[in-house]
Amino acid sequence: MPTLFGTPVRRKEDPRLITGHGNYTDDIRLPDLLYAAILRSPYAHARIRSIDVGKARALPGVVAVFTGADIAGKVAPIPTGWIVPEADQKLPPHPALAQEKVRYVGDGVAMVVAESRAVAEDALEQIEADYEPLTPVVDAEQAIAPSAPLVHEDVPNNVVLHWQAGSDVATAQQAFASAEVAVHRRFKNQRLVPNAMEPRASVAQYNPGSGELTLWTTSQNPHIVRLLLSGVIGVPEQKLRVVAPDVGGGFGSKIPFYPEEALVSFAAMQLGRPVKWTETRSENFLATTHGRDQIQDVVLYGTKDGKIVGVEANILANMGAYLSTAAPGVPTILFGLILPGAYAIPHVRIDVKGVLTNTTPIEAYRGAGRPEATFIIERLVDEYAHEIDMDPVEVRRKNFIPADAFPYNTSTGLTYDSGNYELTLRKALDAVDYTQLRQRQEKLRKQGHLIGIGTCSYVEICGLGPSKVAGAVGFQGGLWESAIVRVHPSGKVNVYVGVSPHGQGEETTFAQIVADTVGVPIEDVSIVHGDTAAIPMGWGTYGSRTTPVGGSALALAAQKVADKAKRLAAHLLEASPDDVVMQDGLFQVKGVPQAQATFQQVALAAYTAWDLPEGEEPGLEASSFYDPPNFVYPFGTHLCVVEIDRETGNVHILRYVAVDDCGRVINPMIVEGQVHGGIVQGIGQALWEGAVYDDQGQLLSGSMMDYALPKASFFPRFEVYRTETPAPFNPLGVKGIGETGTIASTPTVVNAVLDALRPLGIEDLEMPLTPQRIWQALQQHGGDRS
Amino acid sequence: MIPAAFDYYRAKSIQEAFFAKQQAGADAKWIAGGHSLLPMMKLRLATPPALIDINEIDGLSGIRLQADGLVIGALTHHAEIAHSEEVVRTWPLLAQAAGLIGDRQVRNRGTIGGNLAHADPASDLPAVALALEATLVAEGPSGRREIPASEFFVGPMTTALSDDELLTQVRFPVPSGKVGSFYCKYPHPASGYAVVGVAAVAQLGPDGKFQAVRVGVTGVGMWAYRAETTEKELVGKLPTQENIASAAQHAVDETDVSQDLFASEQYRTHLAALYTVKALQAAVQAIQ
């Protein structure tokens, strides 16, 4: 059989997903099912005077109404899963339904459970909640002002964490002070709404006889949900089953453990009937976590001839009204440590204040911290290049960590595993014939065209991660993975994994790995994930860890199975295992062509166990736990050419080139799909997307009518290339690719737009670079006429 | 996501529709494609006590080119208008505008009558109906009347139709002489609705000067309107870039310019003038 590793095998999950045969949480139908709906606060900040649920309870079809008072003492507060060390991190309580105070528009106030969803929604309108509005804080900068109202009374100045990192302070300060050039900027990395295609949903079923509870839920990490749910509702873990069935995207917004997961579980236990809650898109905008939202005061220090000496970043990270499960790690560990990017920067200082505001809680969002960091360094490099009158590409080249320097220890304490950064840059430049492109740009500029070229060379930290490091940085769990490869008597294979793919295609790539290793056709391999009753423990899918960590666990388990199968085959064929080879699905004895056994024969022999080698156990399965020794560090260079319409301010993307290196590639088609999706999402931030609150904390961009997610028609064809530098620290040699696109494309496009506008004297613009924003800048700089 | 409870009637004839409406009361709503009404109901922004489904009434759908005009039944879907040879031949801008509404699904379900009667401030077809001086035919229990487009759009999401009237037909006069037309739209990147939509019709006389100019504008104010100052400014003038640009400066004279997250009053005003120029230039160019 030809090797599948490296080939564009079509996605095994697609036939069911694209023909409507997927099984999402909302598709779960159970006998006697009840439907829940949540009353949400219309105020960003208010004291609850009273809630009268009498009329709602009286509505025919309503089974129960719960308020914060009803669950107090029965449903524990929603915990935070990341406690950043040495950051004075506070842990403000997050009740599943508001107690006394509401803290953002969308904060849950009451839950109705009814015989139908329609009745549940009708009942919401019958609840009389009386609020005493309080002054809200929306903006992180205003929130830390001495006179600002407090989101949580026990978090002074609304500063929920304060984290500092980098190289030695005194040495760094000295280096900064003596630098020839200092480029100061203030960036706003705006708040985004993840908008997974499938909104959230949860269904809980409780068996009062056995005390067992099953929760189907839209999660990226069902085992984390089980662990936290157990603590919150007091059902012991062995009686809890959490299932993430088909999940329609998450992008980080389905990492957290959410109040609704606890509430439907509680209601199912109270009522003895299964309860379902499905989010509407409007609720998704308000009550599912948002991403990004940082105010970044940053400085790049360098020499006049293009050598970067240091970077300094003072960050205000808006955390929203409560600390979501993984949120504290995002603007700290996942952000700060990667700030030097692809460059050998001796001095880096990072100061991050996590700030509470009366807004929807922030969480990881595709890239989680790394896009925010990469934006800083890649925008600063461009500004620095301009300042010293050097081509930005030249500055990048001059400062890259050289290919022979790996493994490389950064000034922030990371060890980059492998890389050849310059090669990706060269490849991107060659793809567009950079020198000629710059000449053409000059010519077109003279004709009045606003043409811009932007590049970004990035490094990503992913494949989270060694558990030892997880512990050291305060992640309240491990970051290893496990897998079971189980061959059935007929020779067919099920693989049980702890990671939880929800769109990334691992049902295919994992099957490729197993088929290759065990020697069976890919059709004979099915991947099982998401059901804690079936799969081994795992920490889930995020941080581009599924393949580097979960795939490695799987590869090791598959190898154990392959080894055992070979021993069994040798026994059947009365040969030494050393003389047995596996070829085209057949075990053969070297030099004895007639001595053959099929994989199926071997599998059956393993289970009948009539004649096993001495000391061999029956069955054919293996499990493996894999804890990676390091993170993985994919990298690459993106390049983009834009033209700006002077009349409208519209940005037209003329070309987009991506050169990414994610180590060895299992399935190039799936990798390209991830790259495409990532680019689109990242450009969404650059040009269109942005969550906008008014000063009362009302989300103005609260629907698909206002919040502009990019559409396919907004883009040209992407020119996607790869280099391949294997990851040295995992058995597959793979790195992550799920987030690189969002990390690289945002600064690439912003750099390109500003390159187009620079001749007019425009030096910076806040994202999103909407037509209006660009048009206004053009007007102010006389650029609206050619 | 679930509308408040409502009654539902399916009418097989206009008489049945009127009867149902009489029974259901003034707040009941006609429903055709439902692509504007249903989302509002699901968000509970609209809570009509009853819907009267008119989709199965015979004779309300279809496109006919007659000597006196292009007649389009109120239930005709946008997709059919966009692809109709008669429409493309007679008023290409109408086919063009219909093809720019929403997405494929919306165009396959949404109807011209529903679109015009809903009178969304950023909807495409009202601008076209105004520029083409369409006649909207309404039928009610007390008979049938014809309403000129210029008198049809009277306020935000408000038309000249009375509660018990049903829009049954839209008539577009057939062009005569040297006439060209064009619809220029700046779609909102999120909603696809017109941030600015300009429908322009230009007629040149034997002297090469504008004999008639009609400009319908949508998306700019709270309801669609004719940019009459711009039109008047141009009649009798040569279709030069300068003349057009100067007249287009008056594109918002007849409205209060709206603003939202995407476009401020200033930016929208700028776009309105810009798209008026684009639409007029293209209309002149389209003259055979």
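Trainee: Which residue stands opposite B:E139 in β7(B)?

Mentor: In this predicted model, the residue that stands opposite B:E139 is B:R144 of β7(B).

Trainee: And how do β6(B) and β7(B) pair, parallel or antiparallel?

Mentor: Strand β6, residues 135-140 of chain B, and strand β7, residues 143-148 of chain B, pair in the antiparallel sense over six bridges, and the two strands form a hairpin with two residues between them.

Trainee: Switching to chain A, what domains is it divided into?

Mentor: Domain 1 takes in 14-134, 198-248 and 254-287, domain 2 is made of 291-464 and 630-780, and domain 3 covers 480-626.

Trainee: How many residues are in contact between domain 1 and domain 3 of chain A?

Mentor: On the side of domain 1 of chain A there are 16 residues, in contact with 17 residues of domain 3 of chain A, while the centres of these two domains, taken over C-alpha atoms, are 39 Å apart.

Trainee: What about the area buried between them?

Mentor: Between domain 1 and domain 3 of chain A about 1,300 Å² is buried, with 55% of that area coming from carbon and sulfur atoms.

Trainee: How many salt bridges are there between those two domains?

Mentor: There are two salt bridges between domain 1 and domain 3 of chain A; A:D531 and A:R241 meet through their side chains in a salt bridge, at 2.8 Å from N to O.

Trainee: Which elements of domain 1 give two or more residues to the side that touches domain 3?

Mentor: Those elements of chain A are α7 (222-233) and β11 (240-243), and the residues on that side of domain 1 comprise eight nonpolar, five polar and three charged.

Conventions:
Residues numbered from 1 in each chain as written. Chains lettered and ligands numbered in written order. Predicted model: local features only at pLDDT ≥ 70, side-chain atom pairs only at ≥ 80, totals over all residues. Heavy atoms only, no water. Domains from an automatic or database assignment. Contact = heavy atoms within 4.5 Å. Buried area = accessible area lost by both parts, 1.4 Å probe. Salt bridge = Lys/Arg side-chain N within 4 Å of Asp/Glu carboxyl O. Helix = DSSP H or I, 4+ residues; strand = E, 2+ residues; numbered from the N terminus. Nonpolar A, V, L, I, M, F, W, Y, C, P; charged D, E, K, R; others polar. Pairing = 2+ DSSP bridges.
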